[in-house]
Amino acid sequence: MRRTVARRLAAVLATAAVVAAGVALSITHASAATGGVTGYATQNGGTTGGAGGATVKATTGTQINQALCNRASTSTPIIIQVEGTINHGNTADVSGSSCDVGSTLIDLKGVSNVTIVGVGAGAVFDQIGIHIRESSNIIIQNVTIKNVKKSGSPTSNGGDAIGMESGVRNVWVDHTTLEASGGEAEGYDGLFDMKNDTKYVTLSYSILRNSERGGLVGSSETDLTNSFITYHHNLYQNLNSRVPLLRGGTAHVYNNHYSGIVESGINSRAGGKAKVDNNYFEDSKDVLGTFYTDERGTWQTSGNILDNVTWSATGSENYPAGPSMPSTTTISVPYSYQLDNASCVPSVVAKTAGANKGNQVSDGSCNAQTPSQSPSQTPSQPPTAPTTGPTDPGTSNPPGGTNLSLGAGADGSSKADGTSYGNVIDGSMSTYWSPSGTTGRVSVKWSSAKTIDTVNIREAAGSEGTIDNWQVVDNVTGAVLASGTGAGVISFTAVATTKINFVITSASGTPRVAEFEVYA
């Protein structure tokens, strides 16, 4: 194995809290489109979330709860557009006949026809998880959920980033980033768990990383009522196991990128059946099989690539599928789907998976494309003001006003050959700065202080989606103004400064920043 377990479980994440108060914002009626719902979530009547319902903007957990509780009924469709950081400090319990919510988690309990989608500068659920119970027709898209704990302080949702249980039907989780900063000893549990009769779920274009446990289907060897789960175009990175743990039921696992799986990968057991197509497994151990039990599961495999995968010996409670991973059953799925060749899965997943990637998807030929519609698009959204400087179709919700980077200065950490700090402030998308590796800093500076509250990080063509974790730092005070994942528009509390830093703390390749725009 090329990396230590400690390194695999490390996560460099620092989030500046966004403090907001007050009631939910005004409601406008809209016709929301679900765009590319795929996999088993298309079955059993399909998954449309809050399509056709009202659209509400929320910047606090309390406002999310108010949006749920202010509906006419528990099944009234609603789209909740979330922007900013949701945490324990801005989440309060709310009463209402159409909800059953709480103050320590986002609770979708006994409800249906709900979409929660991150918009604008992005949505981060910091140490607060999403719980789905006795609910149906739910969409969660374009959000980051991190560091949810079951022990220590604060605790939320039993330590699960997203957890589902008790008669849940038709859930689509798409373009999310789910992450922790360690394992059970540090207080974390699963990132994406399903139990007690959960069916017809799709997890797509998402990142699961830096945890001991990716996710389970079934809480024990007797909880075998969960089934029909699709996992596709996801990145599983620096995880110990459960990617997924499948107890009974059927799962379709295709076009995922597995990197740094420490103990075991797809664990099909207790009669579970896994269809495993065109995935890319690298730097990992025991990526498929039945583990930690003598109650065996089965699998059908095709088109997968194994890159530096190691296998343990077969023995009691340990039945790895490798080294050749032959099929042990035949599984048919009731929906159509397009398969990327496994050889390009790392590149297409890097471009598309995770929050704040513009909800890009694969075209089935290893290329990323922007879908025509998604749950975050509604006719009620006003057009954005024009920007000063270059524009491109890939920039969503660009900020209005004057780009203060034009005419400013720039510097940074070590740069790659052939690139320049000045390329990020020249108004041209054809030039760019790159760090000498996958991490680094680039800064915009002025001779006198500027009051700013927004930056727009625009990646050069062909490198979209390379940037993973970042921080925006006031160079004068050292304060972290914002942090998150993926390039794009970043908003923060206004600050007067003479120098602003964009610090890349992790990336899937060498980043290329074409423009570092700054706005008041």
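Predicted model: local features only at pLDDT ≥ 70, side-chain atom pairs only at ≥ 80, totals over all residues.
1. The structure holds 17 salt bridges.

2. Lys 57 and Glu 83 form a salt bridge, with 3.0 Å between the closest N and O atoms. This pair links distant parts of the chain, since Lys 57 sits in strand 2 (residues 54-58) and Glu 83 in strand 3 (residues 78-86), 26 residues apart. Lys 57 counts as partly exposed because its relative accessibility is 25%, which lies between the limits of 20% for buried and 50% for exposed.

3. A salt bridge also joins Lys 150 to Glu 184, where the closest N and O atoms are 2.9 Å apart. Here both partners are in loops: Lys 150 in the one between strand 8 (144-146) and strand 9 (162-165), Glu 184 in the one between strand 11 (177-182) and strand 12 (192-195). The two residues are 34 residues apart and link distant parts of the chain. Lys 150 is partly exposed, at a relative accessible area of 33%, and Glu 184 is partly exposed at 37%.

4. Lys 445 forms a salt bridge with Asp 411, and their closest N and O atoms are 3.1 Å apart. Lys 445 belongs to strand 31 (residues 440-459) and Asp 411 to strand 30 (residues 409-412), so the pair ties together parts that are 34 residues apart in sequence. Lys 445 has 34% relative accessibility and therefore counts as partly exposed. Asp 411, in contrast, has a relative accessible area of 17% and is buried.

5. Some salt bridges share partners. In this way Lys 150, Glu 184, Asp 189 and Arg 213 are joined into one network.

6. Helix 3 spans residues 345-352, and its buried residues are Val 345, Val 348, Val 349 and Thr 352. Viewed down the axis of helix 3, these buried residues fall within an arc of 100 degrees, so they line one face of the helix. An α-helix has 3.6 residues a turn, so residues three or four places apart point the same way.

7. What do the buried residues of helix 3 pack against? Their partners are strand 17 (235-241), strand 20 (257-261), strand 23 (280-285), strand 28 (361-362) and strand 29 (368-369).

How values were computed. Residues numbered from 1 in each chain as written. Heavy atoms only, no water. Buried < 20%, exposed > 50% of the residue type's maximum accessible area, 1.4 Å probe, protein only. Helix = DSSP H or I, 4+ residues; strand = E, 2+ residues; numbered from the N terminus. Arc of directions from axis to C-beta. Contact = heavy atoms within 4.5 Å. Salt bridge = Lys/Arg side-chain N within 4 Å of Asp/Glu carboxyl O.
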